[in-house]
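Please open the model in your viewer and keep the selection tool at hand. The tour goes from one selection to the next.

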Amino acid sequence: MVGYLAWAEPKRGERSIRLEERHILRMRFLRADIVKSPHGAVVRRRVLAAGKKLRKRGVTQVVLPEEFPFREQLAKCGLRPVSTLALRRAIAADWVRAGLTAKSQPVAGARVAVSAAALTGEAVRTVTELCLRHRYVLLDLPYGGEELCRQLRREYGVSLLLGPSKDQLEGAEALVLFDSRTDLSLKNPVALRLYDERQALPSLALPPEAEEALPQGADRGQLLAVLREAGALKREQIVLGAGKSPVDGEA
């Protein structure tokens, strides 16, 4: 079971930590309500105690409240925040398009560069989607790209450029990194670091009935990521909203 932390307002006679099973879009969570306090030391102790209770119930990963500053206390209990990496990679092609639009860059004619350490299924899906949307796609891989090139040409009649130079990567309107590249400046108009959860996610929207089921105050990226991973949300239900779309060095 996945844990879910939430802040609660103090009420006379109620405990400072309350555990309760909750369902969100038919997915079961063990929710820990932690009563707020103006004293940081008190809150840290409560977070640590809540973490121990969740871990005792078999929880290993948790959805956190927004801008949660007490991750260290959870780590001491063996809890980790829900990862958003798979979600980031799943929306990468849409994120590129939204980023180009936000930066007033051409979309269909944009040069989109992808760099990855290996040709994973996520990378194949992203490159395929990008090739169907953009005229120029550059793929930087240590090995294994030739077969993908042949497949894309055979199935869709599209082609991509293998083995781009550093200058070509840095000159692309959009750069998508599956793995860290310390040799690149990342000054492209759009630069997505799909390996880095510190980069802010774009605005993500759901159908109204799903949106209404989400609790307020939770880290939205973590919540959508775990709901998608569990099958409670389908990828096509998650669309980029009209809000701010971080696309470069923003965190």
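Begin by selecting R89, which is buried at a relative accessible area of 17% (buried means under 20%, exposed over 50% and partly exposed in between, with a 1.4 Å probe and protein chains only). This is a predicted model, in which local features need pLDDT of at least 70 and side-chain atom pairs count only at pLDDT 80 or more, while totals for chains, interfaces and linings use all residues. Residues are numbered from 1 along each chain as its sequence is written, and side-chain values use heavy atoms, with hydrogens and water left out.

E122 lies in helix α5 (residues 121-133) and R89 in helix α3 (residues 85-90), so the pair ties together parts 33 residues apart in sequence; helices are DSSP runs of H or I with at least four residues, strands runs of E with at least two, numbered from the N terminus. E122 itself is partly exposed, at 24%.

Next, select E9 and K36, whose side chains form a salt bridge of 3.2 Å, N to O. E9 is in the loop between β1 and β2 and K36 in the loop between β3 and α1, so this pair links parts that are 27 residues apart in sequence.

Finally, show the open sheet of 5 strands, ordered β2-β3-β1-β4-β5 with mixed pairing, where two strands pair if DSSP finds at least two bridges between them. Its edge strands are β2 (17-24) and β5 (80-81), each pairing on one side only.

Note on methods: Salt bridge = Lys/Arg side-chain N within 4 Å of Asp/Glu carboxyl O.
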